[in-house]
Amino acid sequence: MDEDKLHFHEMGLDDRLLKALADLGWSEPTLIQEKAIPLALEGKDLLARARTGSGKTAAYAIPLIQRILTSKQTVREQAVRALVLVPTKELGQQVQTMIRQLTAYCSRDVRAADISGKADISAQKPILMEKPDIVVSTPSRVQAHINAQNLQLQSSLEMLVIDEADLLFSFGFEADLKSLLCHLPKIYQAFLMSATLNDDVQALKELVLHNPVTLKLQGSQLPDSSQLQQYSVRCEEEDKFLLVYTLLKLGLIRGKSLIFVSDVDRCYRLKLFLEQFSIPACVLNSELPVHSRCHIITQFNQGFYNYIIATDEQGLENPTGQSQKAQEKGKKKKNAGKKGKDKEYGVSRGIDFHNVSNVINFDFPTSVESYIHRVGRTARADNSGTALSFISHTEISMLTEVENALTGDNTHDSVLKPYGFKMEEIEGFRYRCRDAMRSVTKQAVKEARLKEIKQELLNSEKLKMYFEDNPRDLQLLRHDKDLHPAVIKPHLKNVPDYLIPTTLKSLVNPLKRRKKKKNKTGGVMLSSFKKNFRGKNPLKSFRYTKKKREKKAGKS
Ligand code: AMP
């Protein structure tokens, strides 16, 4: 423990909160918690820029709960005292879970309700009639409830949190946000949390914060290379499939991984492709019903799946590259134009996937922000992680942009190190790769997409009703089942011995490997097999390899 650090028990927190923190196993506050909690408890407004995964949810949730506990010692009347605005339903659910954990010992005194995720306004009315102390929601949902007179904040609200404020703007919540601010009392304490402090956030700051303290805790928005290792590898379309297949099949990518692709079709294309080799993966995108999405994330966090193939919300928000105006016009025309896509879907931003060892950019993101948010899904809190980006010739310019943003223009040190993988070593796998790619036709992708949506809609209804009563049975439904619209060639499941690169032969047995116990460390294997793997366990991560190499160098 750091002696100079302010600890939770020195912050004047209620014993029940301290007990919950102990149960969570948090030995000390993160940097943002250490700075923000005392200021918030003094009653200050806060504008905090903290990188994703820094513990910012608890940084505002702890003072929220503490203040409610304190004020309940004098005023027992039940009222909505705090409003937490989030850009996505998934984030809403996550915030709610965090608040539940923190209020484990005072759940009677501090009740929280997440109303962001459920479709029917009238069904939520009874929840709001009970006046939960904390309401978590998207701005549009709060506005809808205010309009329906289900929610009244003018007289009771004491605290407002706007989480992922920059995203609220990019999701087009600006109008809802502004109109709901008119329904708040004149005086309240406000916290604005944002990954970036752009002009929109600055403008919002003027609107909601009074003499705020600004916390810019992290120069960089991603952890440094001792915690997060970032790599890129040049490969064109077919090679992307070849590389991901061999990395997964030979166990060179270890631990839970998020694989990002550019659009929903590619989600299914890659899923069906991997299915050919009996590599199960879930698909996560905005077309799936919200309950399924949340369920997939919950199960992933519980360790049910190793791989999620996801699109990020940027591609979904603006799949055609339309201008914001054009999009808004389209939006007004009716949501039908969005082919059922949900604008409050958010995978790469804000969502806390637990223990993600690797983020793989199968398709490179189309903005620096998106890169940061995607890669921020790994190396969270104190964990380490690896990000590996596949770069085709069309993606090089974006890679340069990301590099420049992460390093600043005047340094020659690139943040994304070249992933020195020798493609020629896996050349033998190419015909299998082509074989599998041929089976994944446009028609197969289309069918898979429809099939999964149908399946998930059914799941979703079941989920909604059933899991409300039986939360423990969540694990009953799996989302990584084979979809099978492509022709399955059983022989592709196995890797014959002659295909395994000679240098890996004594080390990798993909079939045996599956039966082995889960190893805790994750990561992506580096470089040519020969150089790095001889005499070493290929299931170890980059860092391990590097350390060993350094040691060796030191000896000679
Ligand atoms: P957040 O940035 O709020 O999404 O949090 C990222 C992750 O850090 C979550 O899984 C939290 O449970 C975890 N976390 C938050 N605060 C702490 C802490 N003080 N010690 C250890 N883990 C924490």
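How much of the chain over residues 6-34 is helix, how much is strand, and how far apart are the end C-alpha atoms? In this predicted model, residues 6-34 are 48% helix and 0% strand.

**Annotated stretch**
- An unreviewed UniProt entry lists residues 6-34 under "domain: DEAD-box RNA helicase Q".

**Whole chain**
- The chain has 556 residues, and 54% of them are buried.
- Its secondary structure comes to 21 helices and 16 strands.
- Taking contacts between residues at least 6 apart in sequence, 79% join residues at least 24 apart.

**The seven-stranded sheet**
- An open sheet is formed by 7 strands with parallel pairing, in the order β3-β4-β2-β5-β6-β1-β7.
- The edges are held by β3 (112-114) and β7 (213-216); each has a single partner strand, so one side of each has no neighbour in the sheet.
- On average, neighbouring strands of this sheet are turned by 10° against each other, with direction ignored.
- Strands of a sheet pair through backbone hydrogen bonds, in either a parallel or an antiparallel way.

- Strand β5 (residues 159-162) and strand β6 (residues 189-194) run parallel and are joined by 4 bridges.
- One of the residues involved is Met159, whose bridge partner in β6 is Gln189.

Methods
Residues are numbered from 1 along each chain as its sequence is written. This is a predicted model: local features need pLDDT of at least 70, side-chain atom pairs count only at pLDDT 80 or more; totals for chains, interfaces and linings use all residues. Side-chain values use heavy atoms; hydrogens and water are left out. UniProt positions are given in the numbering used here, feature names are shortened, and annotations may be inferred rather than shown by experiment. Helices (H or I, at least four residues) and strands (E, at least two) are DSSP runs, numbered from the N terminus. Buried means under 20% relative accessible area, exposed over 50%, partly exposed in between (1.4 Å probe, protein chains only). Contact means heavy atoms within 4.5 Å. Two strands pair if DSSP finds at least two bridges between them. Axes are lines fitted to C-alpha atoms, for helices over the stretch in contact, and angles run from 0 to 180 degrees between N-to-C directions.
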